[in-house]
Amino acid sequence: MIVKDINKLKEKCVPVSAFNFGEGEDIAKQLLDELKNSEGGIGLAANQIGINKRVCVINVKEEPIVFINPEIVERSEETFVFPESCLSFPGKHIRTLRHTSITVKADNHEGKLMFTADSDDINDAFECVCVQHEIDHLDGVTMFDREFKQEPWKRKSKKIGRNDKVLIAKGTESKTIKYKKAEPLLDDGWTLVEV
Ligand SMILES: [Zn+2]
């Protein structure tokens with residue numbers, strides 16, 4: 001059963017004890033089973049099945065990835081907008097603002113894991129967003145807390161230089177480009193999001 005009560009999902013998960021590693025693996029197995037039975041789910045966090053422990057799984061590419069006690073240790077300044085949904089909120093589709101690249105440490109992985117949406121493969125973007133989405137769950141954060149609300153950018157006192165990088169968005173698409181390249185697009189339905 002998947003937890004759909006947002007108040008329960010706002011509770012932070014506690015780390016799995018380093019002395020009870022089997023517990024983390026057991027939770028991961030339950031998560032992968034639940035994910036397999038879900039309709040098109042690509043990730044799941046332990047609190048979504050009522051277990052308040054820091055374990056989550058994703059299944060975007062050929063092999064699922066299990067994370068026990070994961071932490072995002074590095075985040076790119078660059079962000080992008082992506083469509084998201086969540087097994088706890090069926091039928092809800094929103095756009096969120098996510099980091100383009102992240103680095104993750106987890107107790108069941110040696111070294112660090114890098115995820116980036118900065119590639120030609122759309123699955124890389126799905127994976128990068130999914131990892132951020134699931135680790136957010138473990139921190140009691142849902143996709144609604146990351147919702148991208150498109151507001152017209154208000155001119156600050158600072159003047160934008162032609163070579164300044166800006167974030168622009170249109171529909172579910174977004175990109176960070178130089179202002180001189182963004183300017184013509186602003187007349188074409190794109191909105192300035194961040195300078
Ligand atoms: Zn979710």
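Trainee: Is I42 buried, partly exposed or exposed, and why?

Mentor: Let's begin with the scale: buried means under 20% relative accessible area, exposed means over 50%, and partly exposed lies in between, using a 1.4 Å probe and protein chains only. I42 has 31% relative accessibility, so I42 counts as partly exposed. One thing to keep in mind is that this is a predicted model, where local features need pLDDT of at least 70 and side-chain atom pairs count only at pLDDT 80 or more, while totals for chains, interfaces and linings use all residues. Residues are numbered from 1 along each chain as its sequence is written, and side-chain values use heavy atoms, with hydrogens and water left out.

Trainee: Where is the place of I42?

Mentor: I42 sits in the loop between α2 and β1. Those labels are DSSP runs numbered from the N terminus: helices are H or I runs of at least four residues, and strands are E runs of at least two.

Trainee: Which residues coordinate the zinc ion?

Mentor: Donors are N, O and S atoms within 2.8 Å of the metal (3.2 Å for Na, K and Ca), and sites may look incomplete because water is not among the atoms. In this model, C86 (SG), H133 (NE2) and H137 (NE2) coordinate the zinc ion at 2.0 to 2.2 Å. C86 belongs to the loop between β5 (79-84) and β6 (94-99), and H133 to helix α3 (residues 122-138), so this pair ties together parts that are 47 residues apart in sequence. Both C86 and H133 are buried.

Trainee: How many disulfides does the count come to?

Mentor: A disulfide is a pair of cysteine sulfur atoms within 2.5 Å, and by this rule the count is zero. Take C128: the closest cysteine sulfur, in C130, is 10 Å from its own, too far for a bond. For C130, the closest cysteine sulfur is in C56, at 8.3 Å, again too far for a bond. C128 is buried at 0% relative accessibility, and C130 is buried at 4%.

Trainee: How many salt bridges are there?

Mentor: Side chains of opposite charge can pair when their charged atoms come close. A salt bridge here is a side-chain nitrogen of Lys or Arg within 4 Å of a carboxyl oxygen of Asp or Glu. The count comes to 10. One of them joins D33 and K29, with the closest N and O atoms 3.7 Å apart. These two are four residues apart in helix α2 (residues 21-37), about one helical turn.

Trainee: Which salt bridge links distant parts of the chain?

Mentor: E71 and R54 make one, their closest N and O atoms being 3.5 Å apart. E71 is in strand β4 (residues 71-75) and R54 in the loop between β1 (43-45) and β2 (55-58), 17 residues apart. R54 is buried, with a relative accessible area of 4%, whereas E71 is partly exposed at 41%.

Trainee: Which residues are linked in a network of salt bridges?

Mentor: That network consists of E84, R98, D136 and R146.
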